[in-house]
Structure formats: C-alpha cells, structure tokens
Amino acid sequence: MKISEVQITPVEPRNGLVAFASFVIDEALRCSSIAIMTRPNGGYRLLYPTKKSHERNTSIYYPISKAIGDSIEQVVIAKYEDVTKEDV
C-alpha cells in the first residue's frame with residue numbers, strides 16, 4: 001500500500017485535537033477529514049470521520065486491519081511532526 005500526498009492542517013489545540021489530515025492511497029483513493037488527536041500518555045492517534053444518525057455515530061470509513069491502520073498512522077504522524085517542527 002502506498003500512502004502519498006499527505007496534507008496536514010494544524011488547528012488550535014482543543015480537547016486533544018491538534019490537526020486534520022488527508023492522504024491518497026495507491027494513487028486511487030483520497031481520504032480526508034481525519035483528526036490527529038493527542039494520546040493521554042503521550043504521542044498521537046488518528047480519528048476517522050463519523051456521521052451521526054438517529055443518536056448513533058456511524059463510521060464513514062476506517063482501516064479494516066490493525067496493520068494497515070498502523071502503517072497509515074506512522075506516515076501521517078511523521079508528516080504532522082515534520083510540519084509542526086517547522087512552526088517552533
């Protein structure tokens with residue numbers, strides 16, 4: 001799986017949210033509106049978009065396997081850290 005065109009949009013930190021990300025998978029699928037959140041014990045995690053329907057949140061899309069999720073997280077968080085170190 002190739003992850004490319006990673007774009008990071010930092011936001012004013014609030015309730016753990018620090019940025020939004022988008023990327024392209026295998027030059028075929030763009031994923032966007034992915035929140036980058038801080039972890040309580042340090043580090044970051046990704047939160048994929050959901051839609052609220054009848055008092056219930058439904059996932060719009062997300063990685064099906066942990067291995068794929070981990071691969072995406074590594075690439076996106078590395079890009080986030082690279083982008084934010086420039087701001088310091």
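This is a predicted model: local features need pLDDT of at least 70, side-chain atom pairs count only at pLDDT 80 or more; totals for chains, interfaces and linings use all residues.
Residues are numbered from 1 along each chain as its sequence is written, and side-chain values use heavy atoms, leaving out hydrogens and water. Local features need pLDDT of at least 70 and side-chain atom pairs 80 or more, while totals for chains, interfaces and linings use all residues.

**Exercise 1.** Work out how D82 and K85 are placed in helix 1.

*Solution.* Step one: they sit 3 residues apart in helix 1, so about one helical turn separates them. (Helices, H or I, of at least four residues and strands, E, of at least two are DSSP runs numbered from the N terminus.) Step two: check accessibility. D82 is partly exposed at 29%, but K85 counts as exposed at 56%. (Buried is under 20% relative accessible area, exposed over 50%, partly exposed in between, with a 1.4 Å probe and protein chains only.)

**Exercise 2.** Which parts does the salt bridge between E5 and R30 tie together?

*Solution.* Start with the distance: the closest N and O atoms of E5 and R30 are 2.9 Å apart.

**Exercise 3.** Find what F23 touches, skipping residues up to four places away in sequence.

*Solution.* Look for contacts (heavy atoms within 4.5 Å). F23's list includes E5, R30, I72 and V76.

Conventions:
A salt bridge is a side-chain nitrogen of Lys or Arg within 4 Å of a carboxyl oxygen of Asp or Glu.
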